[in-house]
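Subject: Structure for your review

Dear colleague,

Please find below the structure that I am handing over to you. My notes on what was found in it follow directly after.

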Amino acid sequence: MTTILETRGLSYSYGDGTKALMDVSISLEAGKKVALVGPNGAGKSTLMLMFNGILRPSGGSVLFRGQPMRYDAASLRSIRRAVGMVFQNSDDQLFAPTVYQDVAFGPTNLGYAAEKVKRYVGFALQYVGLFGYERRPPHHLSGGEKKRVAIAGILAMEPEVIILDEPTSNLDPASSEEIMEMLDELNLGGKTLIISTHDVDLAYRWADEVILMKDGGVVRRGTGQEVFGDALLIRDARLKLPLVVDLYQELAGRGIVRGSKPPRNVLELCDLLQTKAQAGARGKIYICNVDEVEGEEIRAMLDKIPAGFKGAMGTSAKVMAERCGITIDFTYGVIDKCILKALIGKNSIIMTSGGMVDHTLQRIKDYGQESGTKIEAIRLLQGYRKP
Ligand code: ADP
């Protein structure tokens, strides 16, 4: 495990004397998905601004890869490249007249040659699913699209860590899911992600590590199960329990389910409720790598395979489905939803790409090992002809 960001005895007071952080000492591991949760005024945004040097500590220190942060212009440029920050309100971040210019701002400022800037901007826009938006004015885009432009602007600088303050606030549910899934994809590609959120369900299902803050300090950190398993602590922090934990605690109180810790998601809750193996055939999960097949071929596959439900995971798969007019049933939590369908005998297909293909196969295999219920996962290859 490599520590990527660390604070030691970190304190911060704003100019008016408000003490926003008091003696915060935490370390964050590289490659993790971290959620900062806590009530308004807990200090989440202030801590995030410390992580990329926008604010300078009043006391204590911030370390990046073991080195204390320095605040001269060159060091700040380097830390802001490595640790990108996406603000809560995209309008605070996007200011250029076109999407291209906005995304190009960071790499241009870093002194990259024009050709390299063009390449990086192209890659970043492709990644966030906004290829072709180059000439559009950012302020005419939807909330979800603006957030994607802001993320593209950070990606174009190839950061190691991406920090997002309330990434889903003011977004509709579908746009929120798409943004969170994009963050999953980035994390699978090796990026460390830190978000702040009030959405406890989101923090619970998404984060590897939850850090609960209150009154300028960290009151608890751990897995979602460890932090949200403590109902009193959560109430004391003026938060609510994630729905799956709330339901589990009600069911446990009535003796309907047993277990030492709450389930992580609906799939695990269903497994707890199901005391004996369900009779009847399981459904299968077909996995299609959209990088390997043409749109027309995917349509042909869908006609041939006996898949009842369709899931699209990742931006490429969603863009491909939209281009081919394929109606998608699941766009978030796709693997678990398909496993749930398989458990009741229904087939499904997951369209995805890149490293997420192996991740999907592994997740289904792991579920089989943990639960003792094997689900057949079939990887569709180019030229797939027969169910
Ligand atoms: P959170 O992100 O958890 O809501 P913040 O980091 O925004 O918390 O705020 C922590 C504390 O600092 C709060 O008491 C807040 O009122 C105060 N604060 C935040 N920004 C400023 C500012 N620019 N000037 C003065 N006080 C501020």
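Strand S8 is mostly covered, with six of its six residues buried (buried means under 20% relative accessible area, exposed over 50% and partly exposed in between, with a 1.4 Å probe and protein chains only). Strands (E, at least two residues) and helices (H or I, at least four) are DSSP runs numbered from the N terminus. The cover extends to both faces of S8: Thr192, Ile194 and Ser196 are buried on one side, and Leu193, Ile195 and Thr197 on the other.

Please note that this is a predicted model, in which local features need pLDDT of at least 70 and side-chain atom pairs count only at pLDDT 80 or more, while totals for chains, interfaces and linings use all residues. Residues are numbered from 1 along each chain as its sequence is written, and side-chain values use heavy atoms, with hydrogens and water left out.

S8 pairs in the parallel sense with strand S3 (residues 33-37) over five bridges; two strands pair if DSSP finds at least two bridges between them. Within this pairing, Lys33 has Leu193 of S8 as its bridge partner. Leu193 also stands opposite Ile162.

Strand S7 likewise pairs with S8 (residues 192-197), in the parallel sense and over five bridges. Leu164 has Ile195 in S8 as its bridge partner. From S7 the chain crosses through helix H6 (residues 173-188) to S8, in a right-handed β-α-β crossover; right-handed means that, with the strands pointing away from the viewer, the path from the first strand over the helix to the second runs clockwise.

S7 (residues 161-165) is itself largely enclosed by the rest of the structure, because five of its five residues are buried. Val161, Ile163 and Asp165 are buried on one side, and Ile162 and Leu164 on the other. S7 also pairs with strand S6 (residues 83-86), in the parallel sense over four bridges, and here Val83 stands opposite Val161.

Four strands form an open sheet with parallel pairing, in the order S12-S13-S11-S14. Strands S12 (309-312) and S14 (376-380) stand at the edges with a single partner strand each, so one side of each is left without a neighbour in the sheet. From one strand to the next, the twist averages 20 degrees. Strands S11 (residues 284-289) and S13 (residues 348-352) run parallel and are joined by five bridges, with Ile349 in S13 as the bridge partner of Tyr286. Helix H15 (residues 356-371) packs on the sheet and touches S11, S13 and S14, its direction making about 165 degrees with that of S11. Such angles run from 0 to 180 degrees between N-to-C directions, and axes are lines fitted to C-alpha atoms, for helices over the stretch in contact; contact means heavy atoms within 4.5 Å.

In strand S14 lies Ile378, which touches Lys284, Ile285, Tyr286 and Ile287, not counting residues up to four places away in sequence.

Finally, which residues surround the ligand? Among them are Tyr14, Asp16, Asn40, Ala42, Gly43, Lys44 and Thr46 (a residue is near a molecule if one of its heavy atoms lies within 4 Å of it). A polar backbone atom of Ala42 is 3.1 Å from an oxygen atom of the ligand, and a backbone N or O atom of Gly43 lies 3.0 Å from a ligand oxygen atom. For Thr46, an N or O atom in the side chain is 2.5 Å from an oxygen atom of the ligand.

Yours sincerely

Key: Polar contact = N/O pair within 3.5 Å; in protein donor to acceptor, adjacent residues only side chain to side chain.
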